[in-house]
Amino acid sequence: MTKEHFILELQRIGAIKFGSFTLKSGLVSPFYFDLRDMISFPEILEGVADLLVEKIKDMDFDVITGIPYTALPIASLVASKLQKSLIYMRKEEKAYGTGKNVIGKFKEGAKCLVIDDLITTGASKIETAEAYEKEGIVIKDFVVVIDRSANGTEELAKKGYKLHSLIDLDEIVELLKSKKLISNEKVKEVNDFTASISKPKKKEKYINPLTQKLLDRIQEKKSNLVLSLDVTTQKEFFDMLDKVGDEIVMLKTHVDIIDDYDEKFVPKLQEYAARQHFLIFEDRKFADIGNTVRHQFRNGVYKIADWAEYVTVHMVAGELILKGLFEGIEGRAGFVLARMSSQGNLLNETYTRKCFEAAKKNPQWVAGFIGHGNSVDDIKRFKAKFPGSELLMMPGVKKEAGSDTMGQKYITIEDAVSGGADCIIVGRGILQAEDPQKEVKLYRERAWKEYEKFNI
Ligand code: 5BU
């Protein structure tokens, strides 16, 4: 069956209608699509399955799903034709029995192609993808029979998904117009309607003040380089700062590795920060229950909350860690560890998603995420899922990709920033260089050059 024939058949069986239809949203639409009854017409079902097979046969996926109910029988036929496994997610929450949400067999990390009948706004596609991702399934591509959306492709792309459609509204309208099956007046009504719903809604985006502070400092200093000053004596620490402090936007410390830490350390650090105009980030990686981290942050020898504007936070103990840390104090925020750079780390996709959910609920306490990736695309997909305007802070960066002997993995400066890293975090790449002063300039320039391409 050709595409044209398929469209005409849809019209014949009443799956495509032009007239005046009140939608769930209250809007009155000049067209209406309903593919549910297609299953009762075997030749049409067969036809659409063949067209879909042709469309997707070269795509990269392990399993296929269809969104219940309408697309499930279609996906089933397509999967069978391609000899791929079918899985699906129950539409109703299951509160008893096995508790299994996904029906069918798949491996953790399986790439799943999603088939649906229609796309209108893209919102339900994104929900579906997120539900599958919660189950350890990777979603990249959606295929729909009819794209009736104004900007579904863009909406999905924002979240890192690709939309493929068999036919779109324009094709249907054009064909029916050429066959004199709809009037010019109707065509105009359709065009007016799609134009009216595609107007972007203005929504003020919340920006955490500490996110804004870092963004401002990046612009002021023309640097998105964070130095990870992992040395173990105060002398080494401040000698290095003398050489490199002017080039960096932020200094990352591990205060607890300094052998001769004493009460003079923090005032001296603050004096450098003011003079060399960098922000302070203690990479403490808080991970305990709220009450404990509150003390770890505010009390003890280091009293980190007194001087570190940013700290890293693990989400393993649950999102209330953010309350424990930041409730009641001004001018402090966390970078949530959503992905790590070390080999074999246990932060899987489900965990990463939970980090995003926690940040979405507590935007006032999250300035950004720490993250890493295997490739530019991987980082882009990761960043597209950030819930708000959080920044991506990326460690594990060097001039050349590689690894160390204790599990650290490195990607290049250019890959990090072009993938979407707002700041790169560099330690040994600079600290162990023969001439750190020269090296810090090189890192700064290379990262900034790439940053300007994407952010100015
Ligand atoms: P390096 O010398 O550039 O490898 O140092 C990287 C720093 O970033 C080091 O202080 C780590 O503790 C920190 N880091 C990291 O490397 N990877 C991560 O995923 C996180 C932090 Br979180």
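**Ligand contacts, cores and domains**

Trainee: A backbone N or O atom of Gly-427 lies 2.8 Å from an oxygen atom of the ligand; why is this called a polar contact?

Mentor: Bearing in mind that the model is predicted, the term asks for a pair of N or O atoms within 3.5 Å, and Gly-427 contributes a backbone N or O atom at 2.8 Å from a ligand oxygen, so the pair qualifies.

Trainee: How do you know how much of the ligand the protein buries?

Mentor: The ligand taken alone exposes 490 Å², and the protein buries 90% of that area. The shell around the ligand has 16 residues, with Asp-230, Ser-341, Gln-408, Tyr-410 and Arg-428 the closest, and it divides into six nonpolar, five polar and five charged residues.

Trainee: What makes Phe-237 a contact of Leu-269?

Mentor: Contact requires heavy atoms within 4.5 Å, and Phe-237 is listed with Leu-269 on that basis, as are Thr-253 and Trp-307, among others, once neighbours within four places in sequence are left aside. Both Leu-269 and Phe-237 are among the residues with the most contacts inside the largest nonpolar core, which has 84 residues. Apart from that core lies another, of 44 residues, including Ile-16 and Val-145.

Trainee: How do you know which residues belong to domain 1 and which to domain 2?

Mentor: The domain assignment gives 3-197 for domain 1 and 209-455 for domain 2; their centres, taken over C-alpha atoms, are separated by 42 Å, and 12 residues of domain 1 are in contact with nine residues of domain 2.

Notes: Residues are numbered from 1 along each chain as its sequence is written. This is a predicted model: local features need pLDDT of at least 70, side-chain atom pairs count only at pLDDT 80 or more; totals for chains, interfaces and linings use all residues. Side-chain values use heavy atoms; hydrogens and water are left out. A nonpolar core is a set of buried Ala, Val, Leu, Ile, Met, Phe, Trp, Tyr and Cys residues joined through side-chain atoms within 4.5 Å. Buried means under 20% relative accessible area, exposed over 50%, partly exposed in between (1.4 Å probe, protein chains only). A residue is near a molecule or strand if one of its heavy atoms lies within 4 Å of it. A polar contact is a pair of N or O atoms within 3.5 Å; within protein, one must be able to donate a hydrogen and the other to accept it, and residues adjacent in sequence count only if both atoms are side-chain atoms. Accessible areas come from the Shrake-Rupley method with a 1.4 Å probe; for residues, only the protein chains shown count as cover. Ala, Val, Leu, Ile, Met, Phe, Trp, Tyr, Cys and Pro count as nonpolar, Asp, Glu, Lys and Arg as charged, and the others, Gly among them, as polar. Domain bounds come from an automatic or database domain assignment.
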